[in-house]
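Please look over the following briefing, which walks through the sheet, the surface and a few single residues in turn.

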Amino acid sequence: MKNVTVSLKSVEAVSLFVRHTEGFEDISVDANQGRYIVDAKSIMGMLSLTLCNPIMLNIVGNEEDTERYLRVIDAEGFIKDV
């Protein structure tokens, strides 16, 4: 399992993030904020989170797919430096 914090500041950013995440069928990505946990592949779930606050991702999958996924979302500027 890998944990990373992302920042999604707009509905457009959430939409792009979900599209990228959906493309990785072999990994599971949960997004959590406080006590709320949603499937990061669900646009409705992601939009239920507060966009002005950081979102913690819990990524489960093989190392190769996880690293490839992290490169994709980092290239979009979603990964927040903590």
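Which helix gives the largest share of the nonpolar patch? The answer is helix 2 (residues 43-47), from which three residues of the patch come. This is a predicted model, in which local features need pLDDT of at least 70 and side-chain atom pairs count only at pLDDT 80 or more, while totals for chains, interfaces and linings use all residues. Residues are numbered from 1 along each chain as its sequence is written, and side-chain values use heavy atoms, with hydrogens and water left out.

**The nonpolar patch**

- The patch lies on the surface and is formed by V11, I43, M44 and L47, which together have about 360 Å² of accessible area, a value that comes from the Shrake-Rupley method with a 1.4 Å probe, where for residues only the protein chains shown count as cover.
- To belong to a patch, a residue needs over 30% relative accessible area and no salt bridge, and nonpolar side chains (Val, Leu, Ile, Met, Phe, Trp, Tyr) are joined within 5 Å; a salt bridge is a side-chain nitrogen of Lys or Arg within 4 Å of a carboxyl oxygen of Asp or Glu.
- M44 lies in helix 2, where helices (H or I, at least four residues) and strands (E, at least two) are DSSP runs numbered from the N terminus.
- M44 counts as exposed because its relative accessibility is 64%, given that exposed means over 50%, buried under 20%, and partly exposed in between.

- Four strands form an open sheet in the order 1-4-2-3, with antiparallel pairing, and two strands pair if DSSP finds at least two bridges between them.
- Strand 1 (2-6) and strand 3 (36-39) stand at the edges with a single partner strand each, so one side of each has no neighbour in the sheet.
- Strand 2 (residues 28-33) and strand 4 (residues 55-60) run antiparallel and are joined by five bridges; D30 has N58 in strand 4 as its bridge partner.

**Two buried residues**

- A40 sits in the loop between strand 3 and helix 2, and A40 is buried because its relative accessible area is 0%.
- Not counting residues up to four places away in sequence, A40 touches F17, V18, T21, V29, D30, A31 and M46, where contact means heavy atoms within 4.5 Å.
- A40 and I59 are 19 residues apart along the chain, and their C-alpha atoms are separated by 9.6 Å.
- N32, found in strand 2, counts as buried because its relative accessibility is 16%.
- Leaving aside neighbours within four places in sequence, N32 is in contact with I37, I55, M56 and N58.

Note on methods
Patches are made of residues with over 30% relative accessible area and no salt bridge: like charges are joined within 9 Å, nonpolar side chains (Val, Leu, Ile, Met, Phe, Trp, Tyr) within 5 Å. Buried means under 20% relative accessible area, exposed over 50%, partly exposed in between (1.4 Å probe, protein chains only).
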